[in-house]
Amino acid sequence: MFPSPKETIGVEAEISKEDKLRLLTTMLESRNADLREQNLIRQGKGHFHVSGMGHEALAAVSIQMEPGDYIVSYYRDRGLVLGRGMTTRQLGLEYFAKKNTGSGGRQMPSHYSNADLHIWSVPTPTGSQLLPACGIAWGIQLDRKENLVVTTVGDAATRQGDFFEAICFAKEKKLPLLFLVEDNAYGISMPTRQTNPLALNILESENWRRIDGQNVQQIYDSGAEAFDKIRAGGGPFFFWINMERLSSHTSSDDQKLYRSEQELRGLEKFDPLKCWKDQLIEEGIITADEFAKLDSEIKERIRREYAEAEKAEDPSPNELLANVTKPPPKIDKEILPPGKYRIGDTVNKTLRAGLEEDPRRILFGEDIEDPKGGVFRLTQKLSSDFPNQVFNSPLAESTILGVACGLAAYGKRPVFEMQFIDFIYPGFNQIVTNMSNLRWRSFGNWKCPAVIYAPYGAYLPGGSLWHSQANESALAHYPGLNVVIPSTPADAAGLLWTAMHAEDPVIFLIPKHLLWAEHQYAEPIRAVPLGRARQCTNGSDVTVIAWGNTIEKSLEAIAKIDNEISVELVDLRSIVPCDKAAVEDSVRKTHRLVVVQEDTENCSVGQMIISHITGTPELWNEMISPPILVSKANVMIGYNPIYEYAALPDVERITAAIRSSVATKHERVAVAAGVDRGTAEPEPEAQPGSSAFAEATADKPLPATADRSKRRVQSITVPVMGEGIRNAKIVSLLKKPGDPVALDDELCEVETDKAVYPIQSSFAGVMGEWKTKVGDTVEIGQELGTLFTDEASLVDQFQEAAEVSPKSKIVEAAVSAAEPGDRGRHDRHYNIEPALSPTITRKLSHVIPANLQIDARWDAIREAREAAKKKDPKHAASPSMMIAWSVIRAMEKHAPFRRLILEDDQIVQNDDFDLGVAVALEDDRLATAVITNANKKSWPEFVKIYDEAVASTRGGRVDAMNAPVVITSLGAFGVKAGAPIVVPPSVGTLFVGTAHRELIPNKNKSRIRAQALKVFSIRIS
């Protein structure tokens, strides 16, 4: 591709005497300014110095650049930027971090920035400037200009991923870009000549022209040749320039620690300034005396300029917050006419309107061109209608974000798509290093008006860890980024339109669960300002703040509460900027606050809102109850829908939080602020036999049993067929009613935007009826038909979770259908939701029951038994009776032990409850004795009724059984442990085993002693 360095010798470009002397002067100025800054550091003036000594020859490139060209450099390029037109006076001001600089005193020395000269603001993380350089070059190319970009990087940074992504993008697009790798052999103290990608043969050596960094003429000639070919459309050029770092890495480093004295003495022959001076003296362009005089004049001028810079105006602390972002635009524009819309529709239409309005607007993202139109079809037909503005990106998130930053800095209006917001992290360097702080670090001289939009969040099963996270807090953490999350089609259009006209980066997060929910609008859809919340409902009892997917859940919770509590729901919708005034106004009215978020709890937006309210004295003093945060726990979203819905805030948790908040009626009490974390981090496992174990198991949901004798009717439903698919069309029905169906048989075929999808049976049986026909459009989760089977499958437990918008079932107390005469026992109604829904609980009924065995000390029961026998030998309480009495007391304390799962799968919880006792009869039969209203009995009454109930049952009496817990008396027959079968509707069986002795190790492992034990075996029915 390039001639070798030897081939370029003697093929010199024409450099006038004036330009040769200009080059010499520029290099001298660069060198003496470096030396002056080193002196000032030793005098305690200034804070830091980065040397460019040894790199000055790159001025031979920049003096050939045209006004419309750009430089995207790194921090050793003093000579390069001086050749472009910056002055030592400006660099002196930067050294002292003065106000009147390209960064306003916010950047370190040698972090050059000059918008007038098109010198882009240097970031410290080396290599992160390369992709923005590609973005600027792409903008030049799109504008069909003959300008170009020169970008530089140190050799150590060529191991960065952004280096390889930039090379790929530059070559793919044939960008007008000159890459300069400045190989000075060290990454601080680490030698790199054997470990850089060129030395490792990772790069194709024929693509890289090797240049001697001390040979100014060669650099000039190679630059001239490259510029001509780049301007003619020849694409990027790549130079690998070997040079020497003539000083330590920075003023904080001492290279004598890791470079030998011999190596340091030999550096002089690689000094580009000395080599160029010697060449010009040899050519007779300048004499040694003239050079000495020039050197002295420049040195003295630099001394004066740095002295003046030291006295220049410093930045003001009042300017600290200046240029973090520009105030968002105030736009009042009709975007879409009245009609029925979905978020996916309004995003597409708003993007179309933006492309039509401004040819500078560029769309770029993975798979966004037709025919795909994006994985969620948000850009369908846009590339066909705007082929010069809509482009597919490589699967490289850092490229997407870095190029967006460069394009925006150049003057384009990028609107770039991330396929999922979960994928942003490979490009996070570009977000936090460049996009977020470009305006601030350049004191407003550079800006980044880019929109990054992405599907976001969960509540749509099948996404797992990297398609379902809500991570707005991670993005909102960085100053300079605007973050918005619409929850309606109107807000999606209105916020996106405003974002596309903002002067700063906007992260636009689209809740994918809500993408295709339809809304009807009677009025036109208008632009929505950033930083303005939306009041969804008006209320006076409690304020609920939510955004994104949790708006839908909060509205469902409010509907469930109905008119019982007056709830004011506020959709924050703009995370940054945040409408704190709206939150404050609502809390002043209701004096209570519940925040609902999908993001994880740690360092979250919900915590930020609560902190703001509690940190505002006048608001805190008006609060009646502590704020509550309903949040996903600090956990990821799992692939199994059970994991997903267990992690996410649901209607029941939101409802409970609202009820809890209003439970405090008049005055604030000293209680800890509540956090509903959902599924929390696992606690240390309680050991069997401990009180902690009893407490831990008390709240476990107990699944119902099912009637296995009846033949089952199984539903055929539309499964989740991929991210973004909400409906499909029936194209064929492959089974007729009465047809036999084998496991995995194809039942029908549906067609989506992505493919034709066969729906298979997870049961063997007989086809029932179809509830749809060919040509129908069906929704995810919709019932298509039925089939009859004798089997039950655990797959059913996921059907409810797999619905796109699962509606949580209100579980209320009900009267047992089996015992009409007992209706009065369950008059009190509750809203009780187990950890698993009744549907899932029913489907788990064929799982083999689990037995938990607890070894409990027998000593206390034995002593109580002996004492009772001495007092009343004839009527002394039996061990099982004592256990039963203890169980009743535990049931009073722990509400889950007082719950019944009725035959219709509803759950009741009674304050007054029965206790069952499993009684062994002749011929190995079991019956259940029932002690009604067991918790109401005194001890003497209980002893009497317990004996009578057991005796009556052995005599043939059959009780109506409504006991949530049944205790066995099999221990009296010498049975050590067992799992008796007790017919529902009991929830659990507590087996009391026989007294026996086992060798149990005590805390002192050197001694073993016998302990009397009692075995408790809890059977989950």
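**View 1. At what angle do the axes of helix α7 and helix α14 cross?** The axes of α7 (residues 161–173) and α14 (residues 397–410) come within 10 Å and cross at roughly 75°. That makes α7 roughly perpendicular to α14. (Angles of 65 to 115 degrees count as roughly perpendicular, under 35 as roughly parallel, over 145 as roughly antiparallel, and the rest as oblique.) Axes are lines fitted to C-alpha atoms, for helices over the stretch in contact, and angles run from 0 to 180 degrees between N-to-C directions. From α7, Asp162, Glu165 and Phe169 meet Ser398, Thr399 and Val403 of α14. The residues of this contact divide into two nonpolar, two polar and two charged. (Ala, Val, Leu, Ile, Met, Phe, Trp, Tyr, Cys and Pro count as nonpolar, Asp, Glu, Lys and Arg as charged, and the others, Gly among them, as polar.)

**About the model.** This is a predicted model, in which local features need pLDDT of at least 70 and side-chain atom pairs count only at pLDDT 80 or more, while totals for chains, interfaces and linings use all residues. Residues are numbered from 1 along each chain as its sequence is written, and side-chain values use heavy atoms, with hydrogens and water left out.

**View 2. The whole protein, for orientation.** The secondary structure comes to 30 helices and 41 strands. (Helices are DSSP runs of H or I with at least four residues, strands are runs of E with at least two, and both are numbered from the N terminus.) Of the 1021 residues, 54% count as buried. (Buried means under 20% relative accessible area, exposed over 50%, and partly exposed in between, with a 1.4 Å probe and protein chains only.) Take contacts between residues at least 6 apart in sequence: 75% of them join residues at least 24 apart. (Contact means heavy atoms within 4.5 Å.)

View 3. Helix α10 runs over residues 272–283. At 1.5 Å a residue, its twelve residues should span 16 Å, and its end C-alpha atoms are 16 Å apart, which agrees. (The expected span is 1.5 Å times one less than the number of residues.) Which residues of α10 are buried? They are Pro272, Leu273, Trp276, Lys277 and Leu280. These residues cover an arc of only 130° around the axis, which puts them on the same side of α10. (The arc is that of the directions from the helix axis to the C-beta atoms.) An α-helix has 3.6 residues a turn, so residues three or four places apart point the same way. The buried residues of α10 pack against α2 (17–42), α8 (216–231) and α11 (288–310).

**View 4. Leu35 in helix α2.** Leu35 lies in α2. This leucine is partly exposed, at 34% relative accessible area. Leu35 and Ile302 are 267 residues apart in sequence, but their C-alpha atoms are 10.0 Å apart in space.

**View 5. Helix α24, mostly covered.** Helix α24 takes in residues 651–662. Its twelve residues should span 16 Å at 1.5 Å a residue; the end C-alpha atoms are 17 Å apart, which agrees. Nine of the twelve residues are buried. Among them are Val651, Ile654, Ala657, Ile658 and Val662. Glu652 and Arg653 are buried too.

**View 6. Two cis peptide bonds.** The bond from Asp370 to Pro371 is cis, with omega near 10°. Pro371 sits in the loop between β10 (361–365) and α13 (382–385). Another cis bond joins Val576 and Pro577, with omega about -5°. Pro577 lies in the loop between β21 (574–576) and α20 (580–590).

View 7. Asn323 is not a glycine, yet its phi is near 70°. Its place is the loop between α11 and β8 (334–336). At 22% relative accessibility, Asn323 is partly exposed. Arg573 also has a positive phi, about 50°, although it is not a glycine. Its place is the loop between β20 (567–571) and β21. Arg573 is buried, at 8% relative accessible area.

**View 8. Arg534 and its contacts.** Arg534 lies in strand β18 (residues 534–535). At 23% relative accessibility, Arg534 counts as partly exposed. Beyond four places in sequence, its contacts include Ser487, Asp491, Asp571 and Arg573. Arg534 and Asp491 are 43 residues apart in sequence and 9.4 Å apart, C-alpha to C-alpha.

**View 9. Glu503 in a loop.** Glu503 lies between α18 (489–500) and β15 (506–511). Is Glu503 buried or exposed? At 16% relative accessibility, Glu503 counts as buried. Leaving out residues up to four places away in sequence, Glu503 touches Lys326, Arg413, Arg439, Lys447, Cys448 and Pro449.

Notes
The expected span of a helix is 1.5 Å times one less than its number of residues.
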